[in-house]
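Subject: Handover of a structure and notes on it

Dear colleague,

Please find below the structure that I am passing on to you.

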Amino acid sequence: MFELRLNRPSSVQFSGAMASTAKDAQDLFSAMRSAYSKTPTRLKIIDVYVIYGLITALIQVVYMAMVGTFPFNAFLSGVLSCIGTSVLGGIFLNLLSE
């Protein structure tokens with residue numbers, strides 16, 4: 001009854017699109033890097049603090065997945081405190097950047 005046909009682009013068109021996407025991504029990262037280099041050191045330190053809190057929460061989640069959740073309340077308090085301090089650091093970062 002119904003027939004589904006997919007129109008696939010040729011490999012030349014696909015590689016051209018990939019090259020364009022890669023160049024756009026490279027331009028985006030270079031623009032972000034140049035804009036971030038102008039950021040004050042105080043804000044960069046808060047950025048590192050927020051990233052540290054999130055990485056610590058991620059390590060706790062991975063550890064919980066490998067070992068188990070016997071003291072679940074300890075896991076929950078550890079992860080939520082890391083995420084909470086990261087959120088508060090982000091709020092502080094927002095206040096300082098204005």
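The notes below begin with the conventions, continue with the whole chain, and then treat its parts in turn.

Conventions

This is a predicted model, in which local features need pLDDT of at least 70 and side-chain atom pairs count only at pLDDT 80 or more, while totals for chains, interfaces and linings use all residues. Residues are numbered from 1 along each chain as its sequence is written, and side-chain values use heavy atoms, with hydrogens and water left out.

The whole chain

The protein has three helices and zero strands. Here helices are DSSP runs of H or I of at least four residues, strands are runs of E of at least two, and both are numbered from the N terminus. Along the sequence the pattern is therefore written α-α-α.

Of the 98 residues, 15% count as buried. Buried means under 20% relative accessible area, exposed means over 50%, and partly exposed lies in between (1.4 Å probe, protein chains only). The protein exposes about 8,400 Å², and carbon and sulfur atoms supply 70% of that area. Accessible areas come from the Shrake-Rupley method with a 1.4 Å probe, and for residues only the protein chains shown count as cover.

Among contacts with a separation of 6 or more, 63% are between residues 24 or more positions apart. A contact means heavy atoms within 4.5 Å.

Helix α1

A search of the whole structure finds one salt bridge. The term refers to a side-chain nitrogen of Lys or Arg within 4 Å of a carboxyl oxygen of Asp or Glu. The partners are Asp27 and Lys23, with their closest N and O atoms 3.2 Å apart. Both residues lie in helix α1 (residues 11-37), four residues apart, which is about one turn of the helix. Asp27 counts as partly exposed because its relative accessibility is 38%.

Helix α2

Helix α2 covers residues 41-67. The expected span is 1.5 Å times one less than the number of residues. The buried residues in α2 include Leu43, Ile46, Asp47 and Val50; Gly53, Thr56, Ala57 and Met64 are buried there as well.

Leu54, another residue of α2, is partly exposed, with a relative accessible area of 45%. After α2 comes Gly68, whose phi is positive, near 130°.

Helix α3

Helix α3 covers residues 72-97. Its 26 residues should span 38 Å at 1.5 Å a residue, and the end C-alpha atoms are 37 Å apart, which agrees. The buried residues of α3 are Phe75, Gly78, Val79, Cys82, Ser86, Gly89 and Leu93. Against which helix do the buried residues of α3 pack? They pack against α2.

Leu54 and Ser86 are 32 residues apart along the chain, yet their C-alpha atoms are separated by 6.6 Å. Leu54 and Thr85 are 31 residues apart in sequence and 9.0 Å apart in space, C-alpha to C-alpha. Thr85 is found in α3 and counts as partly exposed, at 33% relative accessibility. Val48 and Gly89 are 41 residues apart along the chain, with 9.9 Å between their C-alpha atoms.

The aromatic pair

A search of the whole structure finds one aromatic pair. The rings of Phe72 and Phe75 have their centres 5.7 Å apart and their planes at 45°, so the pair is tilted. Rings of Phe, Tyr and Trp (its six-membered ring) pair if their centres lie within 6.5 Å; planes under 30 degrees apart count as stacked, over 60 as edge-to-face and the rest as tilted. Both residues lie in α3, three residues apart, about one turn of the helix. Phe72 is partly exposed at 41% relative accessibility, whereas Phe75 is buried at 18%.

The UniProt record

An unreviewed UniProt entry carries the annotation "transmembrane region" for residues 46-66 and 72-96. Positions are given in the numbering used here, feature names are shortened, and annotations may be inferred rather than shown by experiment. In the model, residues 46-66 are 100% helix and 0% strand, with end C-alpha atoms 31 Å apart. Residues 72-96 are likewise 100% helix and 0% strand, and their end C-alpha atoms lie 36 Å apart.

Yours sincerely
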